[in-house]
Amino acid sequence: MCSNVVVGLPSPPNLNGTLSSPTPTNTSQNAKDGDHLVMNHTGVGGGYKWRLVIAYDGTRYAGWQYQSSPPTIQCSVEKVLMQATKLERKDLSLVGASRTDKGVHAWGQVAHFVTPFNYDSIDSIHAALNGLLPSDIRVREISPAVPEFHARFSAKSKIYHYKVYNDTFMDPFQRDYAYHSAHKLNPAVMREAAKYFIGKHDFSAFANASQKERVRDPVKNIFRFDVIEMGALLQLEVEGSGFLYRQVRNMVSLLLQIGREALPPYIVPMILATRDRRELAKYAMFAPPHGLSLATVKYNEEHLRLPSGCSTTSFGRHYTIGSCKLPFY
């Protein structure tokens, strides 16, 4: 059983017999995590932390971040967590790695939440969450997390994909997940231009203002920016230490103009140097959200290790037929 324990909380509800009762301990060395006290390595405790990897189709959602109306991904996930754990929203303290925008998708969104009790087996809670969630949201993984792990602040890098369908007509099966460009694009010049984004830069010229975001450091480090051809589909893959509000879509919008050969590749460093969003607006409008998806969030290995004695990661259940019930001919 996990060593991180709960301080001064009642025994948890019994969900399918998979929960363990908390054990009171000294609170003198508790570490703060949002509204919760989470155990440190000395054995002092305040809760159990859980890591989720979530995939979703963002078409009908107003982004990740919680708001009561219209629906958001966080709101939907919190709703089923409340049902499955019998805890209140404020007690769960669900945090996502990325505040994806309205209409943006994800394959590898990462989030964490806390409970005052432990799960001896997490396959049951995993199955319960996916059974309660709408079909366009799925928890891919759930695992115990060390107290130091934080979905947002522990992230080492994030990888986003932006898909562009480059043909005379749009593939109807791609319409919700790729931007249609009927203009013939030149991937070679797009790759040349994308290289200018790589490295540490002030990306103020590629960030929209947002009242939801706190004042953030505009200097971000882009590790790679690839333009991959897959038939008529172009996939733009960018990995960075972090991104400003709508930064990825704004970078893509400029690359699309360059790919149409309306602008030269060297315009990228020129716009970067201005640090002025109005300068980018002279040349390109931002790309629509449905082509964008959060592919992966990367963390250091020490943040992903499983706490000693805890249950292993759940990747979901596979169902099999134990024996054939029909005669074989």
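**Charged pairs and buried positions**

Modeller: Arg224, Asp226, Glu237, Glu239 and Lys298 are joined in a network of salt bridges. Please keep in mind that this is a predicted model.

Biologist: How many salt bridges does the structure hold?

Modeller: The structure holds 15 salt bridges. One of them pairs Arg246 with Asp101, where the closest N and O atoms are 2.9 Å apart. That pair links distant parts of the chain, 145 residues apart. Arg246 sits in the loop between strand 13 (233-240) and helix 5 (247-259), and Asp101 sits in the loop between strand 5 (95-96) and strand 6 (105-115).

Biologist: Is Asp101 buried or exposed?

Modeller: Asp101 counts as buried, because its relative accessibility is 17% and the cut-off for buried is under 20%. Arg246, at 24% relative accessibility, counts as partly exposed.

Biologist: What is the phi of Arg246?

Modeller: Arg246 has a positive phi of about 65°, although it is not a glycine. Most residues other than glycine have a negative phi. Lys86 also has a positive phi of about 65° and is not a glycine. Lys86 is found in the loop between helix 1 and helix 2 (89-92), and with a relative accessible area of 56% it is exposed.

Biologist: Back to the salt bridges. Which residue does Arg305 pair with?

Modeller: Arg305 forms a salt bridge with Glu148, and the closest N and O atoms are 3.9 Å apart. This pair, too, links distant parts of the chain: Arg305 is in the segment after helix 8 (301-304), Glu148 is in the loop between strand 8 and strand 9, and 157 residues separate them. Arg305 counts as partly exposed at 35% relative accessibility, and Glu148 counts as partly exposed at 36%.

Biologist: And which residue meets Glu279 in a salt bridge?

Modeller: The side chain of Glu279 meets that of Lys282, at 3.0 Å from N to O. Lys282 counts as exposed, with 60% relative accessibility.

Biologist: Let us turn to another lysine. Where does Lys158 lie, and is it buried or exposed?

Modeller: Lys158 lies in strand 9 (residues 155-165). At 12% relative accessibility, Lys158 counts as buried.

Biologist: What lies 2.8 Å from a polar atom of its side chain?

Modeller: The backbone oxygen of Ala97 lies 2.8 Å from a polar atom of the Lys158 side chain. Leaving aside neighbours within four places in sequence, Lys158 is in contact with several residues, including Ala97, Ser98, Glu239, Phe243 and Thr296. Glu239 also belongs to the salt-bridge network with which I began.

Biologist: Now the helices. Which residues of helix 3 are buried?

Modeller: In helix 3 (residues 123-132), the buried residues are Ile125, His126, Leu129 and Asn130. They lie on the same side of helix 3, because they cover an arc of only 130° around the axis. In general, an α-helix has 3.6 residues a turn, so residues three or four places apart point the same way.

Biologist: What covers those buried residues?

Modeller: The cover over the buried residues of helix 3 includes helix 1 (73-85), strand 7 (118-119) and strand 8 (137-145).

Biologist: A change of topic: where is Ala287?

Modeller: Ala287 is in the loop between helix 7 (277-281) and strand 14 (292-299). At 3% relative accessibility, Ala287 counts as buried. Apart from neighbours within four places in sequence, Ala287 is in contact with Tyr162, Arg249, Val252 and Ser253. The C-alpha atoms of Ala287 and Tyr179 are separated by 7.9 Å, although these residues are 108 apart along the chain.

Biologist: Which residues form a nonpolar patch on the surface?

Modeller: Tyr196, Tyr266 and Met270 form such a patch, with about 330 Å² of accessible area together. Met270 is found in helix 6 (residues 267-274).

Biologist: To finish, what can you tell me about the chain as a whole?

Modeller: The chain has 8 helices and 14 strands. Of its 329 residues, 51% are buried. The chain exposes about 16,400 Å², of which carbon and sulfur atoms supply 54%. Among contacts with a separation of 6 or more, 70% are between residues 24 or more positions apart.

Notes. Residues numbered from 1 in each chain as written. Predicted model: local features only at pLDDT ≥ 70, side-chain atom pairs only at ≥ 80, totals over all residues. Heavy atoms only, no water. Patch = residues over 30% accessible without salt bridge, like charges linked within 9 Å, V, L, I, M, F, W, Y side chains within 5 Å. Areas by Shrake-Rupley, 256 points an atom, 1.4 Å probe, with all protein chains shown as cover. Salt bridge = Lys/Arg side-chain N within 4 Å of Asp/Glu carboxyl O. Helix = DSSP H or I, 4+ residues; strand = E, 2+ residues; numbered from the N terminus. Buried < 20%, exposed > 50% of the residue type's maximum accessible area, 1.4 Å probe, protein only. Arc of directions from axis to C-beta. Contact = heavy atoms within 4.5 Å. Polar contact = N/O pair within 3.5 Å; in protein donor to acceptor, adjacent residues only side chain to side chain.
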